[in-house]
Number of protein chains: 2
Amino acid sequence: MTEAWADWVWLNGRLVRGAEAAVSVFDRGFLLGDGLFETLRAVDGRLFRPERHLARLQRGAAYLGLELTAGADELIAALWETLQANHLEDAALRLTVSRGAGPPGLGLAGTGVATSVIAARAFHGYPDHWYDPGATAVLSRVVKNEQSQLCGIKSISWLEHVMARAEAAEKGADEALLRNTRGDLVEGSGTNLFIISGGRILTPDLASGCLPGVTREAVLELGQEMGLEVREESLPSEALAAADEAILTNSLLGAAPLVRVEGQRISSGQPGPITRRLAEGYRALVAREAR
Amino acid sequence: MTEAWADWVWLNGRLVRGAEAAVSVFDRGFLLGDGLFETLRAVDGRLFRPERHLARLQRGAAYLGLELTAGADELIAALWETLQANHLEDAALRLTVSRGAGPPGLGLAGTGVATSVIAARAFHGYPDHWYDPGATAVLSRVVKNEQSQLCGIKSISWLEHVMARAEAAEKGADEALLRNTRGDLVEGSGTNLFIISGGRILTPDLASGCLPGVTREAVLELGQEMGLEVREESLPSEALAAADEAILTNSLLGAAPLVRVEGQRISSGQPGPITRRLAEGYRALVAREAR
């Protein structure tokens with residue numbers, strides 16, 4: 001992973017140098033985490049289902065009463081523009097929108113125009129070990145509130161996920177799995193989670209509090225196409241110990257095997273056959289559908 | 001309330017004009033809500049217990065592993081400096097710190113220097129009606145997770161509070177009361193909550209998920225000085241209907257009567273005698289202790 005942002009940033013419709021790309025200290029994104037984001041991967045200059053990312057962004061904006069300044073098509077065009085400005089074909093893109101600057105306080109009255117930012121960086125995939133021998137995870141102390149109205153929303157009030165990721169790093173794991181107030185599995189700090197058990201593909205349902213990931217959705221589709229039983233349901237953390245395979249997904253990672261949780265192997269501790277098929281199926285889907 | 005920030009902003013140790021006070025689009029405060037804030041009131045150029053605000057900030061920073069670039073005394077000096085630069089005596093101050101800019105992603109590795117911002121505005125108190133006839137509140141849909149490790153921390157991942165405040169505004173109320181996953185009362189979107197019942201002063205305990213407010217602490221002290229029984233405990237929302245009085249507190253508001261919740265009067269719907277004594281006691285305490 002190239003751990004640096006590329007030089008040109010799309011900021012409210014203009015391309016500016018990263019060093020000069022700034023937002024007001026009064027921006028509600030900075031003051032109150034009052035905004036949304038999306039992360040997308042570009043492969044060979046093409047994006048996979050960008051309209052689904054934008055649809056999630058729009059749903060979040062509608063829920064927050066945040067008026068976006070550009071439509072989905074314009075924002076997708078801006079994603080491509082940002083790639084081109086940086087001469088990137090294989091990249092990670094981050095789109096951030098906030099409610100913009102406003103008067104003091106929490107209230108929405110008098111807030112101005114939303115702030116929109118697209119940043120990109122060269123990206124060719126997660127480090128190899130995520131795919132082979134596979135990723136490791138810990139169970140996070142972070143308790144996700146499945147009753148929160150913000151669960152389905154990818155907001156920039158993301159500190160719980162930051163703290164979960166820090167736990168993973170402290171413990172030398174790749175990812176940290178969040179559980180909800182009932183103790184059920186929800187997702188990783190930056191991934192959705194799947195379990196393969198008895199040939200079925202299981203993933204926490206949205207009522208568990210997970211983010212409706214675009215890659216999660218693709219994996220559910222692929223499982224059905226493969227003729228496997230696919231279920232979204234509440235998954236107690238004990239389900240991991242009994243799982244045949246486990247998978248982590250996100251737009252940058254694709255589908256990668258989760259082989260160890262809290263030091264305990266998932267089944268044999270090796271990437272499993274269904275994981276491999278789903279990962280390959282996902283790559284083929286991206287190659288087929290990206291535009 | 002003067003609803004505009006004053007011209008001079010303290011940004012990482014320098015005073016800059018508000019229009020030029022900006023942070024990088026890569027600041028983790030803007031990208032991930034990865035930071036903390038404090039709100040303080042200045043009366044006659046003096047601050048009430050600023051060291052307690054700074055202590056809370058430092059506890060939050062320690063928990064987040066966020067390295068502050070200035071000590072409490074330096075930041076308190078910066079608060080005064082900001083007041084002076086803006087020729088303000090009666091003011092609201094907001095101190096925001098974020099983890100600063102860093103490489104892409106959630107991880108903390110490679111993050112740079114924290115960003116610190118102090119903004120001020122003229123402030124002479126909440127609108128009169130908050131004190132007389134008293135404030136109104138609704139019960140928010142927002143469910144606060146009392147199991148979250150972030151409950152005691154005043155982080156800038158504050159979107160749930162923004163959404164609760166929006167609910168209050170939509171319904172024409174002054175404040176929205178948050179409940180936790182057990183259905184117990186927690187706090188208002190920007191206030192702590194007290195109930196007076198049978199001569200006792202009750203407030204949600206920290207295990208309920210509320211913020212340990214500096215004004216909350218002062219009101220607890222004042223209640224004890226007044227010889228009243230003071231209890232921090234879990235408060236079911238039904239406790240409001242049975243309350244003799246209810247109070248909202250924060251550093252800008254002081255202590256104000258909450259007289260109506262969801263359209264229902266608290267007792268007579270008038271500011272009560274204990275509320276008045278606590279509000280006066282608080283004003284006297286501020287006058288005595290501010291420095």
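**Entry: the two copies.** I superposed chain A on chain B and found a rotation of 180 degrees with 0.0 Å of shift along its axis, at an RMSD of 0.0 Å. The copies are thus related as by a two-fold rotation axis. Contact, here and below, means heavy atoms within 4.5 Å.

**Entry: ground rules.** I keep in mind that this is a predicted model, in which local features need pLDDT of at least 70 and side-chain atom pairs count only at pLDDT 80 or more, while totals for chains, interfaces and linings use all residues. Residues are numbered from 1 along each chain as its sequence is written, chains are lettered from A and ligands numbered from 1 in the order in which they are written, and side-chain values use heavy atoms, with hydrogens and water left out.

**Entry: the sheet of chain A.** In which order do the six strands of the open sheet run? I read β2-β1-β7-β6-β4-β5 in chain A, with antiparallel pairing. At the edges stand β2 (14-17) and β5 (46-47) of chain A, each with a single partner strand, so one side of each is left without a neighbour in the sheet. Strands are DSSP runs of E with at least two residues, helices are runs of H or I with at least four, and both are numbered from the N terminus. Two strands pair if DSSP finds at least two bridges between them. Between β4 (residues 35-43) and β6 (residues 91-98) of chain A I find eight bridges. One pair I noted is Glu38(A) with its bridge partner Leu95(A) in β6(A).

**Entry: a helix across the sheet.** Helix α2 (residues 50-64) of chain A lies across β4, β5 and β6 of chain A and runs at about 180 degrees to β4(A). Axes are lines fitted to C-alpha atoms, for helices over the stretch in contact, and angles run from 0 to 180 degrees between N-to-C directions.

**Entry: α3 of chain A.** Helix α3 (residues 72-85) of chain A has 14 residues and reaches 20 Å from first C-alpha to last, close to the expected 20 Å. The expected span is 1.5 Å times one less than the number of residues. Which residues of α3(A) are buried? They are Ala72(A), Leu75(A), Ile76(A), Ala78(A), Leu79(A), Thr82(A) and Leu83(A). Down the axis of α3(A), these buried residues fall within an arc of 155 degrees, so they line one face of the helix. The arc is that of the directions from the helix axis to the C-beta atoms. On the other side of α3(A), Asp73(A) and Gln84(A) are exposed. Buried is under 20% relative accessible area, exposed over 50%, partly exposed in between (1.4 Å probe, protein chains only). Just after α3(A), I see His87(A) with a positive phi of about 55 degrees.

**Entry: two single residues.** Ser116(A) sits in strand β7 (residues 115-122) of chain A and is buried, with a relative accessible area of 4%. Leaving out residues up to four places away in sequence, Ser116(A) touches several others, including Trp10(A), Thr69(A) and Val97(A). Pro127(A) is in the loop between β7 and β8 (135-144) of chain A and is partly exposed at 28%.

Notes
Copies are superposed by least squares on the C-alpha atoms of residues with pLDDT of at least 70 in both.
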